[in-house]
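Okay, thanks everyone, let's get going. Have a look at the screen and I'll talk you through this one.

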Amino acid sequence: MGSLGAFLFLLGALEAVAEICVTPRMDSQLVVKLGQSLLPRMDQLSRENLNPSIYVGLRLSSLQAGTKEDLYLHSLKLDYQRCLLGPATSDDAGDCQTKPSMGQLALYMLALRANCEFIGGHKGDRLVSQLKWFLEEEKRAIGHNHKGHPHTSYYQYGLSILALCVHQKLVHDSVVGKLLYAVEHDHQDHLSVDMVAMAGLAFTCLERSYFNSDLRQRITTALGTVREKILRAQTPEGYFGNVYSTPLALQLLTSSPMSGLGLGAACLKAGTALLAIVQDGAFQNALTISQLLPVLNHKTYVDLIFPDCQAPRALLVRAPEDLSSSHTPEVISVTLKVPSILPPYTRAVSVSAGSSLEDVLKKAQELGGFTYGTQASLSGPFLTSVMGKLTGDREFWQLLQAPDTPLLQGIADYRPQDGETIELRLVSW
Ligand code: B12
């Protein structure tokens, strides 16, 4: 081969590499730190705190929590089976007031698969039937003309199809068809990056498993659309959507077999931005960490079709406690604003530096003239009501940094700075 030939060959090879979605390797100590932050969460085995996403994230990571991990799965099994299958006796009612949702059941099924179990037997079959029934209900809510919306979201819809798929359970074409339609007709990008990424992961599983063969062409095309939407949503910093949707977006881009133009460079940029912000401590929330850990181990939820339960994983040990002396905390002032009510509410609240937004809300409530309510979720406490005002259908209390910047974290994780104004705004989604 002449030197020109060699050059062209090299160019071709480089181009081929550039088309694969690879992310830079993260410092293993940083990965361990992320894993360690999940350990205290795994000691909390009450109904409200159990989180199947943590188990899935850990099993697809390069880390393990030893017997704690086994106990966690055991607790998940007891809890989910009791709450979903148990008789609704008065004994149970106290603990199971909130039954797992469709998406939570789907995550539980992913957790079982992450332990290389196939759901089966009488109890397992009932759980599968429940998930299929949930999906049928959602399909009905969307309606035959696609004018309606799922009661939950297309995120949970996709997650549920994915969970059934990795357990090799067939889902009716008409159910998959609703998700395909949503992706195909999302011309104004109403679906968030998280939602399209989850839909894409479900489609990838169906495609790889040769399921829904009559829809094969539409599934392949929709996967192309998903990839394009995600690439188009890349921010100048490199994130796909925002920092917290980037892990799922990368899961999708690394799992889909076909590569698009510029994919390699886009993934490299996203991966580099992600590593830098992880280093800065942006990932504190257990759910977001659980979605990130597989990416750092070059794994995705689609790998749950054939999980590798023998893969070596490093044993996590608890991090030594931080004994740095605590000096008298500085007091900061945060202004809380609720314009969506009558009369509008505004008040400056004093809290110690480093307090969470939830601490600010608590303090405002103690001071009087302000009330709020929350509901536990896998992401932490979700703000459900302000001044007694509950949200209507497809409404939520949005958290913003005034004047108009939506927060990227919930009330328990966000820590306002001195002089900041936080607005709680009732909006439709
Ligand atoms: C759908 C969705 C919503 C919907 C939920 C309503 C519905 N009917 O589904 C709406 C639009 C209301 C919403 C609101 C918010 N969301 Co949201 N949401 C999601 C999404 C796409 C899926 C959640 C889900 O269904 N999970 C699966 C089920 C099985 O888990 P679950 O715990 O049972 O689900 C419930 C909770 O997730 C809760 N919820 C939804 N978002 C958030 C955010 C926080 C912080 C909390 C505590 C709870 C919560 O609603 C779900 C349905 O009940 C995730 C994406 C992701 N990657 O996880 C983002 C996500 C969880 N949301 C996020 C954020 C930031 C918010 C807001 C704080 C935005 C804001 N500035 O106001 C608000 C919450 C404000 C509040 N009132 O407390 C971030 C959280 C990042 C983080 N650091 O933790 C994510 C990861 C999206 C992102 N990429 O930024 N969200």
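This is a predicted model: local features need pLDDT of at least 70, side-chain atom pairs count only at pLDDT 80 or more; totals for chains, interfaces and linings use all residues.

The order is β5-β6-β7, and the pairing is antiparallel.

Let's zoom in on β6 and β7. Those two run antiparallel and are joined by two bridges. If you click on S385, its bridge partner is L390 in β7. And then there's a helix: α16, residues 357-367, lies across β5 and β6, and it runs at about 145° to β5.

How many residues surround it? That's 33, with Q104, D194, L378, W397 and L399 the closest. By type, the shell splits into 16 nonpolar, 16 polar and one charged residue.

Where do they come from? Both domain 1 (16-85 + 101-315) and domain 2 (331-428) put in at least three residues. Among the elements that each supply at least two are α7, α9 and α11, and β6 from our sheet is another.

D194 has a side-chain N or O atom 2.8 Å from a nitrogen atom of the ligand. For L408 we're looking at the backbone instead: an N or O atom there is 3.1 Å from a ligand nitrogen. And Q156 places a polar side-chain atom 3.2 Å from an oxygen atom of the ligand.

That's my bit, over to you.

Key. Residues are numbered from 1 along each chain as its sequence is written. Side-chain values use heavy atoms; hydrogens and water are left out. A residue is near a molecule or strand if one of its heavy atoms lies within 4 Å of it. A polar contact is a pair of N or O atoms within 3.5 Å; within protein, one must be able to donate a hydrogen and the other to accept it, and residues adjacent in sequence count only if both atoms are side-chain atoms. Helices (H or I, at least four residues) and strands (E, at least two) are DSSP runs, numbered from the N terminus. Ala, Val, Leu, Ile, Met, Phe, Trp, Tyr, Cys and Pro count as nonpolar, Asp, Glu, Lys and Arg as charged, and the others, Gly among them, as polar. Domain bounds come from an automatic or database domain assignment. Two strands pair if DSSP finds at least two bridges between them. Contact means heavy atoms within 4.5 Å. Axes are lines fitted to C-alpha atoms, for helices over the stretch in contact, and angles run from 0 to 180 degrees between N-to-C directions.
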